[in-house]
Amino acid sequence: MIEVRRGRVSRVLARRAGLVELEVEEGGSLRRAAAYEALTGPVEEGQEVILNTTATALNLGSGGYDFVLHVLGNDRRE
């Protein structure tokens, strides 16, 4: 079963070609997350995001990173 959570980007940690590393506040704690902007659109501090937290919850070797599924407000159909 997939685990998803909603959080808010508190800080951009790093940017490189196509990948943004983030710190996301979720449920009173900070989580590390990765966003592939070709899929999510641009992501900045203060935006709300939907995270796939399955890999970190199950210790599946994601390096401790959750993955951004969607940046709220970045509706590519607009």
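Student: Before we start, when do two strands count as paired here?
Tutor: Two strands pair if DSSP finds at least two bridges between them. Keep in mind that this is a predicted model.

Student: OK. How do strand 3 and strand 5 pair, parallel or antiparallel?
Tutor: Parallel. Strand 3 covers residues 29-36 and strand 5 covers residues 65-71, with three bridges between them. A33 stands opposite D66 of strand 5.

Student: And what does the whole sheet look like?
Tutor: Five strands form a closed barrel. The order is 1-2-3-5-4, and the pairing is mixed. On average, neighbouring strands are turned by 55° against each other, ignoring direction.

Student: Which sense do strand 4's pairings have, with strand 1 and with strand 5?
Tutor: Strand 1, residues 4-16, pairs with strand 4 in the antiparallel sense over five bridges. R6 faces I50 of strand 4 there. Strand 4 and strand 5 are antiparallel too, over four bridges. In that pairing V49 stands opposite V71 of strand 5.

Student: New topic. Which residues make up the largest nonpolar core?
Tutor: There are 11 residues: V9, V20, L22, V24, A33, A35, V43, V49, L51, V68 and V71. At least two come from each of strand 2 (19-26), strand 3, strand 4 (48-52) and strand 5.

Student: Which strand gives the largest share?
Tutor: Strand 2, with three residues.

Student: Now the outside. Which residues form a nonpolar patch on the surface?
Tutor: I2, V4 and L69. Together they have about 270 Å² of accessible area.

Student: Where is L69, and why does L69 count as partly exposed?
Tutor: L69 is in strand 5. Its relative accessible area is 43%. Buried means under 20% and exposed means over 50%, so L69, at 43%, is partly exposed.

Student: Last one. Where does A57 sit?
Tutor: A57 is in helix 2, residues 54-57. With a relative accessibility of 43%, A57 is partly exposed.

Student: How far apart are A57 and I2?
Tutor: Their C-alpha atoms are separated by 9.9 Å. Along the chain, A57 and I2 are 55 residues apart.

Technical notes: Residues numbered from 1 in each chain as written. Predicted model: local features only at pLDDT ≥ 70, side-chain atom pairs only at ≥ 80, totals over all residues. Heavy atoms only, no water. Axes fitted to C-alpha atoms, helices over the stretch in contact; angles between N-to-C directions. Patch = residues over 30% accessible without salt bridge, like charges linked within 9 Å, V, L, I, M, F, W, Y side chains within 5 Å. Areas by Shrake-Rupley, 256 points an atom, 1.4 Å probe, with all protein chains shown as cover. Salt bridge = Lys/Arg side-chain N within 4 Å of Asp/Glu carboxyl O. Buried < 20%, exposed > 50% of the residue type's maximum accessible area, 1.4 Å probe, protein only. Core = buried A, V, L, I, M, F, W, Y, C linked by side-chain atoms within 4.5 Å.
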